[in-house]
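Q: I am new to this structure. Could you walk me through how to read it?

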Amino acid sequence: MKIQIVYTGRSYQIAERLPSEIDLSDGAKLDDALHAVNQLLSDDEQLPPSCLISVAGSHVGTLASHEDQSLKDGDELVLIAPVAGG
Amino acid sequence: MRAISLSPEELERYDRQIGPGVLSVDGQERLKNASVLITRVGGMGGPAALNLTMAGVGRVIIAHGGKMISPDLNRQVLGSESVLGKPRAPDFGEYLRTMNRFVEVEVIGHEPDDADAAALAARCDLIISCPPTFEERLRLNRAAVQAGIPFIDAAQWGITGTLIVVKPGETACLKCLYPEPPPFEEFFPVIGAISSATGSLAALEAIKILSGSGKPLWGQMLTYDGYQGNVAKVKLSRRESCACCAGV
Ligand SMILES: [Zn+2]
């Protein structure tokens with residue numbers, strides 16, 4: 001199944017060289033998708049533990065604290081690295 | 001018929017924002033009767049305070065410590081070169097007063113601590129949070145949740161901006177998202193245009209909430225990634241164990 005990935009917030013620059021879609025085996029879950037994304041990132045591109053995760057428009061927690069969940073073909077996974085500039 | 005508290009001069013001033021699709025006369029009166037705290041009033045809080053002042057929010061309270069330095073002037077629209085090296089809040093307040101004589105502008109020349117934030121929240125109808133640290137944002141969030149008033153958090157980095165709109169007791173608060181303050185950079189990169197855009201959207205949400213017009217972004221995070229031209233809207237979930245809003 002195909003999952004759309006949006007990198008935004010503090011980490012928007014990494015989107016330039018990363019695919020906006022990843023292909024996972026059927027039945028793959030959120031943590032499988034996050035692992036696949038992680039494999040694409042170099043050491044200095046790692047997303048922070050406080051990075052927010054949204055699946056299909058709903059926030060499910062942070063990288064450090066979330067429950068694994070099912071994904072379905074076409075879901076959009078949004079990764080929002082926190083932004084605090086004022 | 002109920003008497004209108006807006007003077008003919010005020011009705012003339014707000015003529016372009018009263019009517020179908022914008023504000024009702026009642027909504028404009030609600031703005032007039034409202035008090036909003038904006039802290040801080042740099043890149044985002046400045047345009048937010050300016051828009052609320054021009055829109056006719058009755059009392060605009062700005063809080064910002066420190067002196068104006070040259071790198072601030074790529075985004076701090078309430079300032080000017082004449083403010084360089086001087087405490088910024090008094091000048092910013094003066095500028096706001098020149099924009100709308102029907103609005104009370106109150107100036108606080110420092111960042112609110114816990115007690116200040118709680119006292120300010122108790123006499124405000126809404127808080128717009130634009131500081132550069134999560135500690136300050138979480139402090140303002142806590143004050144708003146305890147006072148039961150709406151809270152809008154605006155943040156930026158580089159060419160991206162985010163907005164979170166909190167209704168205490170009903171939606172996620174900032175602490176639900178970040179139980180611990182994430183690390184931050186004091187000298188973050190930023191383009192002034194994204195600051196103004198994000199601050200203006202924060203003001204727009206405040207105007208909608210206070211006037212009762214439109215559909216506020218309650219419980220959502222709006223992210224505008226100007227670098228890629230992407231907009232994302234995320235429904236935020238409350239954290240049952242939130243140290244700030246659980247039980248509210
Ligand atoms: Zn909360």
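A: Start with a pair. B:R59 and B:E106 form a salt bridge (a side-chain nitrogen of Lys or Arg within 4 Å of a carboxyl oxygen of Asp or Glu). Their closest N and O atoms are 2.8 Å apart. B:R59 lies in strand 2 of chain B and B:E106 in strand 3 of chain B, so this pair ties together parts that are 47 residues apart in sequence. Helices (H or I, at least four residues) and strands (E, at least two) are DSSP runs, numbered from the N terminus. The model is predicted: local features need pLDDT of at least 70, side-chain atom pairs count only at pLDDT 80 or more, and totals for chains, interfaces and linings use all residues. Residues are numbered from 1 along each chain as its sequence is written, chains are lettered from A and ligands numbered from 1 in the order in which they are written, and side-chain values use heavy atoms, without hydrogens and water.

Q: Why can such side chains pair?

A: Side chains of opposite charge can do so because their charged atoms come close.

Q: Which residues are linked with B:R59 in a network of salt bridges?

A: The network links B:R59, B:E104, B:E106 and B:R123. In the salt bridge of B:R59 with B:E104, the closest N and O atoms are 3.9 Å apart. B:E104 lies in strand 3 (residues 104-108) of chain B, and B:R59 in strand 2 (residues 59-63), so the pair ties together parts 45 residues apart in sequence.

Q: Is B:E106 buried or exposed?

A: Read the relative accessible area: buried is under 20%, exposed over 50%, partly exposed in between (1.4 Å probe, protein chains only). B:E106 is buried, at 16%. B:R59 is partly exposed, at 28%.

Q: With which residue does A:K72 form a salt bridge?

A: The partner is A:D75, with the closest N and O atoms 3.3 Å apart. A:K72 is exposed, at 54% relative accessibility. A:D75 is buried, at 7%. Over all chains, the search finds 17 salt bridges.

Q: How many salt bridges cross the interface of chain A and chain B?

A: The rule finds zero.

Q: How many residues of helix 3 of chain B are buried?

A: Nine of the 11 residues in helix 3 (residues 45-55) are buried. Among them are B:P47, B:L50 and B:L52. After helix 3 of chain B comes B:G56, with a positive phi near 100°.
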